Amino acid sequence: MTFSLTYPFTEEQVIPLTAGTMVTLDGLVFTGRDRLHKFLHDGGKSPVNLRDGAIYHCGPVVIGDERRWHVVAAGPTTSSREEPYMAAIIERHGVRVIIGKGGMGAATREACQKFGCVYLQAVGGAAVAIAQCITAVRGVHFLQEFGATEAMWELNVKGFEAVVTMDAFGRSLHDEVADASRQELDKLLGREK
Amino acid sequence: MSELWTQTLLELIRRTSCDLPTDVEQALRKSLEAETSDTARATLTAMLENVALARDREAPICQDTGTPTFSWHIPRGADAMALEKQARTAIAEATRRGWLRRNTLEALSGKSQDDNVAEGTPVCHFVQEDREDVVVWLLQKGGGSENVSTQYSLPDASLNAGRDLEGVRACLLDAVWKAQGHGCAPGVLGVCVGSDRAGGFTVAKEQLLRPLDDRAAEPELAVLEERVLRDANKLGIGPMGLSGATTLLGVKIAARPRVPASFFVTVAYMCWACRRRGVRAQTDGKMIEFLG
């Protein structure tokens, strides 16, 4: 069963989603990675309204120029690097959806629960397939300051597939897999309690 | 600049970035058969679809086109400086064509070096050999997998790992556990036992150029490779860390001499998009055959 999410990603759409649910996204997403997260966390002003929006942890391969941008490849980057910043950004900006890979830590999980946000995992490395879902580049911010890879791209997507791995109920599939695999590791290394 | 070298190296970069080696693709296909959960199957299916699309559209398999690392095997008398210049020219052109991301930043300012050419970038390692032709391999390893690569110094009391094969095994399984899905599992481990800290990473990365179906020449390392692969796949981390039967696609171990005081185990974790291709060429750059 796949759930369809459409921008703006309202509380009503997002909160009921439980970990393990497959979703497809339609509408607007904003890319952001290390530079943008630090900037917003440190009090920088967002050039766009992020309320009920989605931040996509991604540094795309983009060719072309202001007249016509073309996204060639746009898979997710590792989200855990944004862990020091994410919770504050969710709280301050009302971000409703985070898309990335690898999951995030306790602070983000708690912020998802408290402010009604979900974390979606896209398939790492599936960069061309995801780029096919981008129907338009609506704009770009911080291109000069951060460079093309770290810039904030405004993308229209259609049918962008992902899995809910951290829900608004405080459940994280990443934590569950880490715990279960830890037990297997202990067995393999002969250090069972 | 030699036009022949530019053409040969551009084609090497295109193949490496946009066309996953056949053995890796087959390993992904095989692991799809082993998976039972919907998420693991959907994840592997998406990877395989992406591989086909990337090949078809001549687009980078992954947007993180990595640290391009050229391993050159050159005859005596070949001009390494000229070849390195050729590599820099080809990298800049491949970036313009969208086969590589603008992936090079000044370390402190974070300013983008838009053509991917800078001090020490791309990386070029040269080995002179008794040969007539040139063989050059290119490895594109992304930052996510580089970030989970690691180095242990044995003995390690926290892992109960001593200076023996059991100790090495404990390090490797610990590294795979710590990586979870962050390095884009199912991954490949390139491993160096011994050497010094710097040499350990160089040798570990070189192991990633080996085909998935080969085995270490030393029998005890070949046994360890198989054992760690089997054990790692019991961890249940699975494709992209969302649980499943496929956590690693391969383990490649080499041993190198060390000083008595040190016993390093160095792990280069490679993501599923294990991008490695080679080419054999004449010294003037005329392509003889593509490898890998």
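**Reading strand 7 of chain B and its surroundings**

User: To start with one pairing, which residue in strand 7 of chain B is the bridge partner of B:Gln151?

Analyst: The bridge partner of B:Gln151 is B:Thr266, in strand 7 of chain B. Keep in mind that this is a predicted model.

User: How should I read that at the level of whole strands: how many bridges join strand 4 of chain B to strand 7 of chain B?

Analyst: Two strands count as a pair once at least two bridges are found between them. Here, strand 4 (residues 150–153) of chain B and strand 7 of chain B are joined by 4 bridges and run antiparallel.

User: Is strand 7 of chain B largely enclosed or open?

Analyst: Burial is a neighbour count: a residue is buried if 20 or more other C-beta atoms lie within 10 Å of its own. In strand 7 (residues 264–270) of chain B, 7 of the 7 residues are buried, so the strand is largely enclosed by the rest of the structure. Both of its faces are covered. One side carries B:Phe264, B:Thr266, B:Ala268 and B:Met270, the other B:Val265, B:Val267 and B:Tyr269.

User: What does B:Leu172 touch, leaving out residues up to four places away in sequence?

Analyst: B:Leu172 touches B:Val267, as well as B:Leu189, B:Val191 and B:Val228. In the largest nonpolar core, which has 146 residues, B:Leu172 is among those touching the most other members, along with B:Val191, A:Cys117, A:Val118 and A:Leu120. This core takes at least three residues from each of domain 1 (3–16 + 61–142 + 275–291) and domain 2 (144–270) of chain B.

User: Turning to the other chain, how many helices and strands does chain A have?

Analyst: Chain A has 7 helices and 9 strands. Its radius of gyration is 17 Å against 16 Å from the globule rule for 193 residues, so chain A is as compact as a globular protein of that length. The C-alpha trace of chain A spans about 60 × 35 × 30 Å along its principal axes. Of its 193 residues, 51% are buried. Among contacts in chain A with a separation of 6 or more, 63% are between residues 24 or more positions apart.

User: What confidence does the predictor give?

Analyst: For the complex, the ipTM is 0.92 and the pTM 0.95. For chain B, the mean pLDDT is 97, with 100% of residues at 70 or more.

Definitions and conventions. Residues are numbered from 1 along each chain as its sequence is written. Chains are lettered from A and ligands numbered from 1 in the order in which they are written. This is a predicted model: local features need pLDDT of at least 70, side-chain atom pairs count only at pLDDT 80 or more; totals for chains, interfaces and linings use all residues. A residue is buried if 20 or more other C-beta atoms lie within 10 Å of its own, exposed if 12 or fewer, and partly exposed in between; C-beta atoms are placed from the backbone. Helices (H or I, at least four residues) and strands (E, at least two) are DSSP runs, numbered from the N terminus. The radius of gyration is taken over C-alpha atoms; the globule rule is 2.2 Å times the number of residues to the power 0.38. Two residues are in contact if their C-beta atoms, placed from the backbone, lie within 7 Å. A nonpolar core is a set of buried Ala, Val, Leu, Ile, Met, Phe, Trp, Tyr and Cys residues joined through C-beta atoms within 7 Å. Domain bounds come from an automatic or database domain assignment. pLDDT is the predictor's confidence in each residue, from 0 to 100.
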